[in-house]
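Me: I have a structure open here and I am new to it. Can we go through it together?

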Amino acid sequence: MDFLRPATLQQALEAKAERPAAVPIAGGTDVMVEINFDTRRPDALLDLNQVAELAEIGSDGGLLRVGACVSYARIIGELGRELPGLALASRTVGSPQIRNRGTVGGNLGAASPAGDAHPVLLACDALVEAASVRGTRLIPAAGFYQGPKRSVLAPDELITAFRIGPAMGPQQFAKIGTRNAMVIAVCSFALSLWPQGRPAGTGGTIGTGIGSAGPVPLRATDAEEFLAAELASAGLWESGVALPSTVTHTFGELVAGAARPIDDVRGTAAYRRHALSVLARRTLGWTWDSYRKGARQCA
Amino acid sequence: MRVSMRVNGRRVTAEDVWEGESLLFVLRERLGLPGSKNACEQGECGSCTVYLDDSPVCACLVAAGQAGGRDVVTVEGLAGAAGLDAVQQAFMDAGAVQCGFCTPGLIVQAHYLLRETVDAGGPVPDDGEIREVLAGNLCRCTGYEKILDAVRLAAARKAAAAAAAAGQAEPGQAEVGR
């Protein structure tokens, strides 16, 4: 095995072009488990910790640009205001020690359907920035995942950052597990409200993401469209009244219907669907309450 | 490969390190520092917790090469010339050690908590904060109550010492929680 330790992004991209089988390692929280348990023997590790560009947080147009190697601890500490949904999801990752090392770039690279960042990236229409010596491209999160632990990333590409609109309304994330810490999601759900529309002008007023209940992280598109139409047609954004229970109920059912879960060691498909309908109703209740409070304060 | 780093304030070099080797293996097997324990090898148990450039991490999940040129502090590096660190002393006084296997990781993680709270001039951490910060450290003897006692004791002693240093000593406060 070789240990490659580029000092700059250019060197990292050249190394990946030369050695496409090299496995990128940032926090090591997935890769080292596989090496420790002898389930993976890459012929090279590509350490990204020395590449300063990958640990930067900046902005590009109206979007935040978060380097692939920014840790969950930094997202919680530095981006809680701009990215409340992602900060909530980051808080549920592993333990403090894991959050000090683990990164969203790693979550994307591993492309596990259970990764905690994915539902939020979907709900916020995030773009995955992938670079190679050939150039840089932006991949919408919804088109990034291909199957369990598979993505559209080319062998010579590295995930360099993700770009995401700062919150313009309430966001929530909820996850089912056997305890509060150190849990791989049985299922998870992210919801974002964009009362005035999204920063990039595309996408509706409602964003969703489902985790750990399908071969890839999923959006609940029907649920998004249903809720957006209900809120608009009944003038609920303006009136800020409590949501009718028929609306929250149907929203939950549509989210459950969008999942494609299986039975596995962490839970059954039926349980996952049921739990998702509950998480969808709860997060909708929380975000809507928060929106109503905010709307009252502005008035 | 050869890996050089600073461990507990000393420049050290490990030779013949395998590229897939963990920082934990290097510390224990090549540098003679067996304080950090090897249990789960997957970041679930926290027994191998060390500081890497001031952040507590699971040493089993850091590739040895990633630690090259960086600063590592293990449980062996916490005691100073004046004796045990306050957290170590509190673990002994509170009886927070049973089989002892999880203790080094817990001590490093509790040390971090106090460094970020009381040592930084903040208030004594409440039970919620203590539980949150220790959530990734498993004790299979299930001695958590005594462990919480030890962290509360260390925090109270540090707060009392800080108050005394500021000329506001309140006698007896140091023993709250015993």
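**Sheets, helices and the chain contact**

Reply: Strand S5 (residues 63–67) of chain A pairs with strand S10 (residues 158–164) of chain A over four bridges, in the antiparallel sense. Within S10(A), A:Arg163 stands opposite A:Arg65. Keep in mind that this is a predicted model.

Me: What is the order of the strands in the open sheet of five in chain A?

Reply: The order is S4-S5-S10-S6-S7, and the pairing is antiparallel.

Me: Which strands stand at the edges?

Reply: Strand S4 (57–60) and strand S7 (135–140) of chain A. Each has a single partner strand, so one side of each is left without a neighbour in the sheet. From one strand to the next, the twist averages 30 degrees.

Me: And the open sheet of three strands in chain A, what is its order?

Reply: That one runs S11-S12-S13, with antiparallel pairing. Strand S11 (171–176) and strand S13 (206–211) of chain A are at the edges with a single partner strand each, so each has one side without a neighbour in the sheet. The twist here averages 10 degrees from one strand to the next.

Me: How many bridges join S11(A) to S12(A)?

Reply: Six bridges, with S12(A) covering residues 187–193 and the two strands running antiparallel. A:Gln171 stands opposite A:Ser192 in S12(A).

Me: Which helix lies across S11 and S12 of chain A?

Reply: Helix H4 (residues 84–91) of chain A does, running at about 20 degrees to S11(A).

Me: Helices next. At what angle do H8(A) and H10(A) pack?

Reply: Helix H8 (residues 221–233) and helix H10 (residues 245–258) of chain A pack at an angle of about 160 degrees, with their axes 7 Å apart. Angles over 145 degrees count as roughly antiparallel, and H8(A) and H10(A) are therefore roughly antiparallel to each other. The crossing of H8(A) and H10(A) is right-handed.

Me: Which residues meet there?

Reply: On H8(A) they include A:Phe226 and A:Leu227, and on H10(A) they include A:Phe251, A:Leu254 and A:Val255. The residues of the contact divide into eight nonpolar, two polar and two charged.

Me: Over to chain B. How far apart are the axes of H2(B) and H5(B)?

Reply: Their axes are 8 Å apart, and helix H2 (residues 86–94) packs against H5(B) at an angle of about 130 degrees. The two are therefore oblique to each other, and their crossing is right-handed.

Me: What is in that contact, by class?

Reply: The contact of H2(B) with H5(B) has eight nonpolar, no polar and five charged residues. B:Asp93 in H2(B) is among the residues that meet H5(B), and B:Lys146, B:Asp149, B:Arg157 and B:Lys158 are among those on the H5(B) side.

Me: Which residues of H3(B) meet H5(B)?

Reply: B:Leu106, B:Ala110, B:Leu113 and B:Leu114. In H5(B) they meet B:Ile147, B:Val151, B:Ala154, B:Ala155 and B:Lys158. The residues of this contact divide into eight nonpolar, no polar and one charged. Helix H3 (residues 103–116) and helix H5 (residues 144–165) of chain B pack at about 35 degrees, with their axes 11 Å apart, in a right-handed crossing.

Me: Last topic. How many residues of chain B are in contact with chain A?

Reply: There are 23 residues of chain B in contact with 24 residues of chain A. Strand S4 (residues 55–58) of chain B gives the most to the chain B side, with four residues. By class, that side has ten nonpolar, ten polar and three charged residues.

Notes
Residues numbered from 1 in each chain as written. Chains lettered and ligands numbered in written order. Predicted model: local features only at pLDDT ≥ 70, side-chain atom pairs only at ≥ 80, totals over all residues. Contact = placed C-beta atoms within 7 Å. Nonpolar A, V, L, I, M, F, W, Y, C, P; charged D, E, K, R; others polar. Axes fitted to C-alpha atoms, helices over the stretch in contact; angles between N-to-C directions. Left-handed = near helix turned anticlockwise from the far one by under 90°. Parallel < 35°, antiparallel > 145°, perpendicular 65-115°, else oblique. Pairing = 2+ DSSP bridges.
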